[in-house]
Amino acid sequence: MTFSMEDSQNELEDGTPVAPAPKLSGDHIVLMTSSGDEALAYSYAFAQSVKLAVFETIVDASIEKAKPIPEALAQYGTFDMDEKLVKMQMGEIFVTKCSLTLQTDMLGTPEILWEHDRFDAQYEACRKYLEVGKRVEILDQRLAVLNDLYSFLQTQLEVKHSNKLEWIVIVLIVIEILLDLFHMSPFYTQRSVAVCALLLVAGGTTAFAKEFKPPKLWLRRGGKRLWRVALMTLLVLVAWRAPRAGPLLFAGGAGVVRSRPGQLLRSAPASRHLRQSRKARPMQQIWQILPLRERCWLLAGVCALLGASSLQLLAPPLLSRALMAAEKGTKVAQVHLLALVVFASLDDVLNFLLRSGAVTLFGYLAMLRCCWQLTLVTTLVIALLLLATRCYAEVRRATTAETQDAVAELSRVAEESLSGISTVRALGAEETHGRLFHEQNLRILEVQKRNSYALGAFCFGNASLSGLCRALGLACGGSWALSQKISAELLTQFLFYLDMVLRGAMDLGEDWPATMEAVGAGSTVLETLAHSEADGESDVEKGRFRALAHFTGEVTFDRVTFAYPMRPSRQVLQDVTIHCRSGEMTALVGTSGSGKSSLINLIQGFYSVQKGEVLVDGVPLEDLDPAWFRDQLGIVGQEPHFFRGTVGQNIAWGTEATKEEVIEAAKISQAHDFIQRLPGGYETQIGDGKLLSGGQRQRLAIARAILRDPPILVLDEPTSALDPSTSRLVSLALREAQWSRKRRQRRTLLVIAHRLSTVKDAEQIVVLDKGRVVERGTHEELMAREGPFWRMVTELS
Ligand SMILES: Nc1ncnc2c1ncn2[C@@H]1O[C@H](COP(=O)(O)OP(=O)(O)OP(=O)(O)O)[C@@H](O)[C@H]1O
């Protein structure tokens with residue numbers, strides 16, 4: 001391939017010869033130029049290509065390494081990879097992603113070419129020859145593939161881990177039951193128990209062999225794990241049907257010790273029960289011999305497991321609801337943060353409620369059934385224990401809230417100091433900021449100290465009360481046993497249950513604060529979600545919100561009085577009435593702080609008015625479907641925000657617009673010419689837009705807004721002075737933007753105007769002062785009146 005720069009000159013105008021045109025031929029690149037800038041343009045293009053090659057090699061290597069995974073998946077539907085290897089792969093992909101994300105900025109147009117665009121053609125031609133654009137695209141796609149793989153691996157790892165845990169729990173439970181069964185067999189001579197146990201093991205093993213496959217993405221196919229839940233339920237049933245508990249057997253043992261071994265089968269309640277159950281069917285026999293203690297723990301464990309399963313099934317929809325709410329523009333950060341708190345603690349909550357709660361409750365019931373008199377004696381101390389737990393939970397909750405506040409304040413102070421470090425230095429305020437930071441740290445320390453004292457007191461109280469309770473049970477029960485009021489078996493059994501209840505109560509104490517935190521956060525998340533639903537579709541469906549079929553774009557502020565929620569006592573708008581007619585331009589002018597932006601905030605529905613109404617086509621704003629109304633409204637702010645991407649992408653952001661439509665919008669907004677002069681035209685990367693001037697940014701934002709073709713366009717002009725020609729261009733852009741080509745009618749324009757050139761075109765100028773409308777009319781009318789507007793204009797000129 002050969003090409004030469006056609007626009008390169010071989011001699012200057014005065015006839016001085018210059019170096020021949022640079023040539024890129026096959027693998028040989030001939031660059032002969034006497035111009036330093038031109039050489040620089042080529043160097044940049046080559047440097048980019050080299051950089052790109054480095055990234056390509058890294059990504060190639062990563063893809064090569066990760067290749068066996070999709071291949072194994074395609075062939076076997078699964079892959080076998082140990083956890084360490086998966087983690088290493090994840091780490092590698094992450095490092096690649098980091099280095100690419102951090103360095104790809106270098107692939108943007110070099111800054112020098114923004115200033116000297118004479119060698120754009122050479123730069124672009126060289127880039128084209130080196131296929132930089134195409135390669136970046138391919139690199140992007142490969143990265144996306146790697147990214148997908150990365151997420152996939154992560155999910156796999158999590159699922160594998162949770163699967164492993166579940167299996168461990170299941171196996172432990174089965175072992176525990178089997179051990180109990182075999183432990184029982186000497187007392188229970190019939191072979192059927194052993195046979196049943198063997199049958200159970202055989203059945204379980206068959207099910208295991210049949211169903212167990214290497215980890216699947218069960219979150220996506222939750223049904224597949226149903227059999228495991230069924231197995232757990234079966235185990236619960238087995239445990240649940242056990243009529244008498246381990247303590248009975250334990251007590252039976254005590255009975256044997258007390259009497260003679262030969263009497264065991266006759267005297268111990270357990271053996272009596274077993275004798276009865278000889279006549280029962282094998283399955284019933286198994287149920288009957290399982291001890292109650294195991295039944296309680298099993299039930300609690302399985303409940304927790306089921307809870308965890310439901311949590312995992314629940315989490316994705318909850319998360320997607322949170323994200324949907326975020327998309328709808330609700331309190332994103334709050335929902336997100338709180339959702340994280342809930343997800344982090346929900347597992348604990350379910351465990352807590354199902355495990356500790358169940359153990360305490362069932363244990364207490366068993367105590368009552370065993371000996372209600374002894375239960376009454378110990379209940380008072382148990383109640384004290386629960387009360388202490390409750391008090392500690394309250395203290396923990398208060399200190400947690402206080403710690404969160406203090407940490408938030410600490411972060412705010414740190415963030416403010418760091419982001420404004422130059423101002424801090426310029427003002428010599430390092431010491432003040434240091435002191436503020438130190439004070440916040442001390443506040444956290446204080447709260448933590450209080451927390452530690454409370455914990456110490458709680459642990460002491462807890463241990464003492466537990467000891468007291470046991471001592472009371474033993475003393476009372478022991479004396480009753482000695483006086484033959486109750487049997488030794490019964491006492492042993494009772495003490496066993498008491499221990500269970502005390503342990504359950506202590507667990508409650510440990511888990512309660514986290515539960516309260518999660519419940520609090522969860523209710524806020526659900527409230528916010530409910531509120532966001534009330535804002536959106538559900539209410540549209542219910543018919544509360546309306547979407548207008550024939551929308552003209554008329555906006556009316558009808559006797560609006562408004563104060564910000566943060567400062568309810570200060571009315572920033574007082575009895576303001578403005579009628580923005582459909583297809584007309586209304587300019588809001590006034591001194592700083594007169595309430596112009598507040599009116600724009602109201603039309604966007606950010607706040608509710610205290611008095612009066614904001615009407616759109618005669619319908620109160622709050623009756624309109626917010627999502628629908630947002631589509632009817634285009635906003636161009638003072639400092640428009642741009643996303644990382646090209647000029648074209650930024651104009652078309654959020655739409656499916658074609659290139660032609662993008663160019664047309666840019667032409668209307670007077671942006672086309674300057675875009676074409678940019679190094680890469682519409683393909684120029686603009687980062688966050690900082691490389692563009694204020695006027696250029698404003699025109700791009702207007703292009704972006706008119707591409708969405710909203711019937712109402714709101715523009716907050718930049719206050720910073722634009723030079724006269726740019727100012728003229730922005731005004732022109734605005735005038736052009738008023739006409740909707742698609743709908744063949746004019747839009748309603750609402751402009752906060754700072755320049756005379758904008759105001760002149762307006763059909764209506766509204767002058768605000770201290771939150772009140774002091775004047776309104778056309779430019780000529782207001783100038784003729786020589787009132788506040790006239791004074792403003794003469795002051796400006
Ligand atoms: N979020 C807020 N909370 C409380 N008060 C606010 C808030 N935003 C603005 N204000 C107050 O409301 C008043 C009107 O402010 P607004 O921003 O509407 O004025 P403006 O006319 O747009 O000013 P400018 O031309 O300087 O942007 C001001 O006194 C301001 O301090």
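The side chains of Arg-470 and Asp-499 meet in a salt bridge, with N and O 2.7 Å apart. The term stands for a side-chain nitrogen of Lys or Arg within 4 Å of a carboxyl oxygen of Asp or Glu. Arg-470 belongs to helix H17 (residues 430–482) and Asp-499 to helix H18 (residues 488–535), so the pair ties together parts that are 29 residues apart in sequence. Salt bridges with shared partners join Arg-470, Asp-499 and Arg-503 into one network.

A word on the model: it is predicted, so local features need pLDDT of at least 70 and side-chain atom pairs count only at pLDDT 80 or more, while totals for chains, interfaces and linings use all residues. Residues are numbered from 1 along each chain as its sequence is written, and side-chain values use heavy atoms, leaving out hydrogens and water.

By the salt-bridge rule, the count comes to 14. Here are three of them.

| Pair | N to O distance |
|---|---|
| Arg-142 and Asp-60 | 2.0 Å |
| Arg-470 and Asp-499 | 2.7 Å |
| Lys-134 and Glu-131 | 3.7 Å |

Arg-142 sits in helix H6 (residues 132–184) and Asp-60 in helix H1 (residues 36–66), so this pair links parts that are 82 residues apart in sequence. Helices here are DSSP runs of H or I with at least four residues, and strands are runs of E with at least two, numbered from the N terminus.

How open are these side chains? Buried means under 20% relative accessible area, exposed over 50%, and partly exposed in between (1.4 Å probe, protein chains only). Lys-134 is exposed at 55%, whereas Glu-131 is partly exposed at 39%. Arg-142 is partly exposed at 32%, and Asp-60 is partly exposed at 36%.

Now to a sheet. Its four strands form an open sheet in the order S5-S4-S7-S8, with antiparallel pairing; two strands pair if DSSP finds at least two bridges between them. Strand S5 (571–580) and strand S8 (619–620) stand at the edges with a single partner strand each, so one side of each has no neighbour in the sheet. Strand S7 (residues 611–616) is joined to S8 by two bridges. Leu-615 stands opposite Pro-620 in S8. Helix H20 (residues 596–603) packs on the sheet, touching strand S4 (555–563), S5 and S7, where contact means heavy atoms within 4.5 Å.

Terms used:
Axes fitted to C-alpha atoms, helices over the stretch in contact; angles between N-to-C directions.
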